[in-house]
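Keep the structure open beside the text.

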Amino acid sequence: MSAKGCSPDNAAAEGFFGRPKQEFFHKQSFAGVTMDEFIGMLDEYMVWYRDRRIKTESGHGYHGSSTRARSCGMIGGDGINDESNKTAPAPKLDIFLPKDAYLRGDGDIPVIFNIHGGAFFYSFKEIQNAYAAQLASRGFAVVCPNYTLAPGGDFLDMLTDVSTALRWLVSNGDGWQLSAEQLFLVSDSAGALLGTFLLACETNEELSSLLGIDSNHVRFQLVGFTSGMLVYDHLFDAFYPDSGELFEKLRPAFRTLISRLEGTSYERTESLMRAIAYPPVWLSTSTDDFLENDALYATMLLRSMNCDHELHDLRSVNGKRIPHDYPLMTWDSGSGELNDAMMAFFREHLSPRTSLTASV
């Protein structure tokens with residue numbers, strides 16, 4: 001670090017240290033990890049950072065075999081933000097495009113709408129740049145929206161932001177050669193609860209009206225939940241297990257949701273899930289994931305509903321931990337294999353005319 005007054009050197013150093021914090025440290029649980037194990041995990045990340053990660057600057061550039069198109073501002077989902085409207089901060093989204101398909105002008109690129117996690121009060125879309133680029137390298141466009149975080153807003157504010165981003169995508173996606181017919185929903189951790197309620201609003205008019213969220217009438221082809229927070233019963237029943245004790249700690253962020261659902265059958269996760277017209281669902285978790293029970297419970301319900309689904313519940317091997325949000329740890333080869341499994345599940349349900357050829 002340089003002396004005071006030499007900020008360019010400081011900025012470079014802080015930028016470097018910020019990336020490992022965003023991509024490696026935040027959102028990971030290191031409970032039970034020894035110092036030697038932590039050093040080994042960090043060493044693996046640094047090798048990946050040095051040898052495989054390609055940085056993008058200012059929202060433009062290439063990242064492996066994908067291209068990050070730009071950060072797009074939205075005003076009420078009606079279009080690109082511009083200098084004429086500065087009345088309120090606008091939600092933002094990033095679009096990652098499969099390079100070859102975009103340059104060929106395919107005009108029909110399948111789209112993953114990716115909702116990040118972060119316990120509703122931290123994280124942001126940029127933390128998943130490497131993950132989004134990895135998915136894009138497999139032939140999909142990836143759209144990553146930001147949303148309001150607690151305490152700046154409550155759960156329904158977050159859901160409104162995500163729904164607004166989806167509306168923008170439906171209205172403007174053709175300008176990025178994105179398919180309006182091949183939309184996939186992917187979400188991790190707390191983002192999975194937002195994804196579940198988004199599905200509810202898109203497939204059930206009663207729930208859309210109850211929550212005060214306008215439906216975009218989008219039909220997702222498939223859904224992928226990674227280490228998802230999928231069970232919210234603790235909000236209405238103190239004796240029901242609390243996922244990572246997050247619901248109790250963040251109860252103020254759910255007050256509006258509680259008031260809308262209180263006294264209805266939707267106080268229970270099961271009732272909400274049975275009211276959703278689910279497309280095929282892919283889920284992943286692990287024995288070291290503090291939300292493993294949520295994935296198992298959701299899988300049990302999906303099976304009882306005869307919904308096409310696939311669960312990957314990983315087990316630790318030779319002492320190697322498989323932590324929460326493991327597929328997002330892109331520097332680990334095992335996470336890439338898990339993401340390949342999700343992509344294979346998605347491809348099985350794509351229309352035959354859709355090409356998924358990516359750069360080599």
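## The second largest cavity

This is a predicted model. Thr196, Phe225, Leu230, Met273, Tyr278, Val281, Leu283, Ala298 and Leu302 line its second largest cavity. The space inside comes to about 50 Å³. The structure holds 2 cavities of 30 Å³ or more.

The lining divides into 8 nonpolar residues, 1 polar residue and no charged ones. Two elements, β8 (281–286) and α11 (292–304), each supply at least two residues of this lining.

## Overall chain

The protein chain has 12 helices and 9 strands. Of its 360 residues, 55% are buried. Its accessible surface is about 15,700 Å². Carbon and sulfur atoms account for 52% of that surface.

Residues 24 or more positions apart make 75% of them.

## Around Asp308

Asp308 sits in the loop between α11 and β9 (309–314). Asp308 is partly exposed, because its relative accessible area of 39% falls between the 20% and 50% cut-offs. Its side chain makes a polar contact with the side chain of His349, at 3.0 Å.

Val281, one of the cavity-lining residues, is 27 residues from Asp308 in sequence. Their C-alpha atoms are 6.4 Å apart. Leaving out residues up to four places away in sequence, Asp308 touches Pro279, Pro280, Val281, Phe345 and His349.

Asn306 belongs to the loop between α11 and β9. Its phi is positive, about 55°, although Asn306 is not a glycine. Asn306 is exposed, with a relative accessible area of 72%.

Ala119 lies in the loop between β4 (109–115) and α4. Its phi is near 60°, a positive value in a residue other than glycine. Is Ala119 buried or exposed? Ala119 counts as buried, at 9% relative accessibility.

## Ser208 in helix α7

Helix α7 (residues 205–211) contains Ser208. Ser208 is buried, with a relative accessible area of 5%. Its side chain reaches the backbone oxygen of Ile213 at 2.3 Å.

Ile213 is also among the residues that Ser208 touches.

Pro98 lies in strand β3 (residues 92–98). At 1% relative accessibility, Pro98 counts as buried. Pro98 and Gly139 are 41 residues apart in sequence. In space, the C-alpha atoms of Pro98 and Gly139 are 5.3 Å apart.

Pro151 lies in the loop between β5 (141–145) and α5 (155–172). Which form does the peptide bond from Ala150 to Pro151 take? The bond from Ala150 to Pro151 is cis, with omega near 5°.

Key: Residues numbered from 1 in each chain as written. Predicted model: local features only at pLDDT ≥ 70, side-chain atom pairs only at ≥ 80, totals over all residues. Heavy atoms only, no water. 1 Å grid on protein atoms, 1.4 Å probe; cavity = no way out; pocket = protein on both sides within 12 Å on 5 of 7 lines; lining within 4 Å. Points joined across faces, edges and corners; volume = space filled by probe spheres on them. Helix = DSSP H or I, 4+ residues; strand = E, 2+ residues; numbered from the N terminus. Nonpolar A, V, L, I, M, F, W, Y, C, P; charged D, E, K, R; others polar. Buried < 20%, exposed > 50% of the residue type's maximum accessible area, 1.4 Å probe, protein only. Polar contact = N/O pair within 3.5 Å; in protein donor to acceptor, adjacent residues only side chain to side chain. Contact = heavy atoms within 4.5 Å. Areas by Shrake-Rupley, 256 points an atom, 1.4 Å probe, with all protein chains shown as cover.
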